[in-house]
Amino acid sequence: MITHRLYWKDIEETAGLVLPWDKLRNSRMLVSGASGLIGTFLVDTIMYKNRYHDLNCHMYAIGRNKEKARLRFASYEDSKEFHFVEQDINRGLDGDRIPSVDYIVHLASNTHPIAYSTDPIGTITTNIVGTGNLLEFAVKNNCRRIAFASSNEIYGENRGDVELFDEEYCGFINCNTLRAGYPESKRCGEALCQAYIKQKGLDIVIPRLTRSYGPTMLMSDSKAISQFIKKGLAGEDIVLKSEGNQYYSFTYVSDAVSGLLTVLLKGKTGEAYNIADEKSDIRLRDLAKHVAELSGTRVVFELPDETEKAGYSMAVTARLCGDKLKQLGWQPEYNIESGIKQTMTILRDSEQQV
């Protein structure tokens with residue numbers, strides 16, 4: 001687990017946001033993908049609220065790797081409010097180990113290029129079959145609300161007609177490629193949520209995450225920003241595997257989770273919300289340069305291998321409009337420069353990186 005004071009300052013600030021937290025008081029929350037980048041920060045925030053704000057929200061953290069979860073959540077082993085369940089959601093949910101819950105936050109998904117290219121079946125099934133299993137569980141247990149974490153990837157390629165993607169935008173995706181498995185299955189997952197709202201009466205909201213980063217990132221993460229940070233922390237040159245013209249939205253993990261919680265607690269049923277802010281939009285080459293400057297290294301160019309190339313997004317410009325979420329009161333704390341600096345400071349000083 002991360003013990004750095006700056007990380008827990010982020011947790012404290014997120015837990016102190018003005019939100020209708022009473023909706024979670026004395027409730028049960030299930031989080032799939034709990035030991036991932038977003039899930040870890042969310043779990044830590046809820047457990048912090050339990051400890052210091054008497055929230056009494058029982059956390060059911062779902063994951064496929066018990067050892068990874070043990071390292072992530074070691075300090076909660078004796079907590080009566082924390083329950084880790086080793087479970088592959090593609091195989092259904094075990095009702096004997098998971099009681100009825102009030103809230104589900106579905107975060108489980110392959111979210112980086114190597115995973116897209118080496119496990120394309122798992123990428124698709126988690127976003128469709130796993131989502132279906134969670135929604136069926138929600139129906140059977142009269143769940144109050146579900147948040148399906150979607151992605152900026154659902155927008156596809158920019159058609160050249162807008163600067164920023166709002167929640168109604170829909171660009172081109174070539175479905176006959178290996179890489180299409182992730183965005184197409186996220187689109188299908190969203191459609192499945194709408195079907196369960198209409199046919200089963202579920203209350204579902206859809207936060208759409210941008211390219212997220214932060215100290216909870218996995219060292220196995222092959223996204224460009226994660227690789228830049230890894231190289232920088234190791235004192236190595238930052239490797240850019242393209243000209244770096246891609247112009248993307250990014251979000252620091254505490255802002256991603258504060259946005260997620262805002263959607264969960266204040267969003268309108270059936271609506272999607274971009275978690276994004278223009279101050280964190282940057283071209284890849286400028287991002288690489290910034291990490292190199294913080295690391296005292298340089299940027300070098302290298303051609304990707306075939307596995308890497310197969311997992312890369314084809315989108316050149318993918319910037320999201322966050323106005324709809326800001327109307328609910330969300331405001332980010334970090335821009336791209338301060339978020340990268342915070343991430344690298346915490347990871348450089350942390351005793352343990354999972």
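**Close-up 1. Packing of helix H7 against helix H12 in the predicted model.** Helix H7 spans residues 224-233 and helix H12 spans residues 336-349; the two pack at an angle of about 50 degrees, with their axes 11 Å apart. This angle makes H7 oblique to H12. The crossing of H7 and H12 is right-handed. From H7, the residues Ile225, Ile229, Gly232 and Leu233 take part in the contact, and they meet Ile340, Thr343, Met344, Leu347 and Arg348 of H12. Sorted by class, the contact of H7 with H12 comprises six nonpolar, two polar and one charged residues.

**Close-up 2. Packing of helix H1 against helix H12.** Here the packing angle is about 130 degrees, and the axes of H1 and H12 lie 8 Å apart. H1 is therefore oblique to H12. Leu6, Tyr7 and Asp10 are the contributors from H1, while Gln342, Thr345 and Ile346 are those from H12. The class composition of this contact of H1 with H12 is three nonpolar, two polar and one charged residues.

**Close-up 3. Crossing of helix H1 and helix H2.** The axis of H1 (residues 5-15) and the axis of H2 (residues 37-53) come within 9 Å of each other and cross at roughly 65 degrees. The two helices are therefore roughly perpendicular to each other. The crossing of H1 and H2 is right-handed. On the H1 side, the contact involves Tyr7, Trp8, Asp10, Ile11, Glu12, Thr14 and Ala15; on the H2 side, it involves Thr40, Phe41, Asp44, Thr45, Tyr48 and Lys49. By class, six nonpolar, three polar and four charged residues make up the contact of H1 with H2.

**Close-up 4. Parallel pairing of strands E2 and E3 and the crossover that links them.** Strand E2 covers residues 58-63 and strand E3 covers residues 82-86; they pair in the parallel sense over five bridges. Among the residues of the pairing, Met59 has Phe82 in E3 as its bridge partner. Between the two strands, the chain passes from E2 through helix H3, residues 66-72, to E3.

Note on methods:
Residues numbered from 1 in each chain as written. Predicted model: local features only at pLDDT ≥ 70, side-chain atom pairs only at ≥ 80, totals over all residues. Heavy atoms only, no water. Axes fitted to C-alpha atoms, helices over the stretch in contact; angles between N-to-C directions. Helix = DSSP H or I, 4+ residues; strand = E, 2+ residues; numbered from the N terminus. Parallel < 35°, antiparallel > 145°, perpendicular 65-115°, else oblique. Left-handed = near helix turned anticlockwise from the far one by under 90°. Contact = heavy atoms within 4.5 Å. Nonpolar A, V, L, I, M, F, W, Y, C, P; charged D, E, K, R; others polar. Pairing = 2+ DSSP bridges. Right-handed = clockwise from strand over helix to strand, strands pointing away.
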